[in-house]
Amino acid sequence: MTVILDGTATRHPISPVHDGIVAAIGSTPMVRLDRLFRTVSASVLAKVERANPGGSTKDRPAREMVEAALAEGRAVPGVTTIVESSSGNLGVALALVCAYHRLGLHVVTDPKASHTNLAIMRALGAQVEIVTERDRATGEFLPTRLLRVQELLASTPGALCLDQYNNPSGAAAHRRTAREIVDATGEPDVLFVAAGSCGSLRGIADHLRSSGAHTRIVAVDACGSAIFGSVAPPAPDYGRTLPGHGSTMVPGHFRDDLADDVVFVTDAECVAACRLLAEREAILAGGSSGAVIAAIAAYLPRLPAGSTVVTILPDGGDRYLHSIYDDAWVQNHIGIPAVLAASTRLEELLRR
């Protein structure tokens, strides 16, 4: 395709035609964050995973896990119902992939999931169940969700759990994420990855380590999360309210050697970073994206001049308009003063 602008012919690549929506997953864009990190000597780039058809990086493991189950005969179109626990994005991704492959889907989630994500799952044909009882030992919903999944597997004919927390296909999907990053940037000096199910952290680390890359991997976790054990600082007084990163349990994908460093962030820091990302870069992103941006800002003093820094923005902010970007919700669940204080600290870090 040739475009004529002011008399100058410019050649633009023609976008490929995919065989179905699922085939369009991956190959998401990389953008330079030179407005947010304008005073920094390092080059900071972000992989924008909201460009996936289902709107998040969870499209990648959803496709790999479902298609592996189909190839192995564990899932049969028109017969099998996938039963899975999700805080939101994986549920949406599975709804898309299962609808395409004619599989049933029953998602077990909790009140922290965004209303938009729940509506998308239902629109794509998924049955959505919200557990409201917290686990007595941890005070969290995840153990209760997992218990309900086991009950459904025992009572639902043709049910199959893909188990995002342990399924090797889910982690392997992110080897492609790592390859796309290296193809776009070369070998980055530092790579920031949000840790939740640890599938992306595991797949990316496995690819970079097996290829001999010298990239320093920094995991970004939530205060109060169990992933990195006693190293994690406690959650703030308001607890952990944002889904997407952090976990009540240590996922099966986790290994002690996956990350070279860990940075912990609060929900207030996530909200502040999300809003600053929208203001400076016009990127509307979700909570785990705010987490990695806040982590990069905190890590700046440790970055050598001229470093190439890459991060992954796991999803978009359109599904959090009634939480992260809503002042009333923030005041009720986190507190505006906490977010303003976090925003001030973030601005100071970016000015150094």
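Mentor: We begin with the chain. The protein chain has 10 helices and 12 strands, which are DSSP runs numbered from the N terminus (helices H or I, at least four residues; strands E, at least two). Its radius of gyration, taken over C-alpha atoms, is 20 Å, close to the 20 Å that the globule rule (2.2 Å times the number of residues to the power 0.38) gives for 352 residues, so the chain is as compact as a globular protein of that length.

This is a predicted model: local features need pLDDT of at least 70, side-chain atom pairs count only at pLDDT 80 or more, and totals for chains, interfaces and linings use all residues. Residues are numbered from 1 along each chain as its sequence is written, and side-chain values use heavy atoms, with hydrogens and water left out.

Now the cavity. On a 1 Å grid over the protein atoms alone, a cavity is a set of points where a 1.4 Å probe fits but cannot get out; lining residues have an atom within 4 Å of a point. The structure holds 1 cavity of 30 Å³ or more. About 670 Å³ of space lies in the largest cavity, a volume being the space filled by probe spheres set on the points, joined across faces, edges and corners.

The lining has 46 residues, and Ser 87, Gly 196, Ser 197, Gly 244 and His 245 lie nearest the centre. Elements that each supply at least two lining residues include helix H1 (59–71), helix H2 (89–100) and strand E9 (190–194). The largest share, 4 residues, comes from H5.

How values were computed. On a 1 Å grid over the protein atoms alone, a cavity is a set of points where a 1.4 Å probe fits but cannot get out, and a pocket is an open set with protein on both sides within 12 Å along at least five of seven lines; lining residues have an atom within 4 Å of a point.
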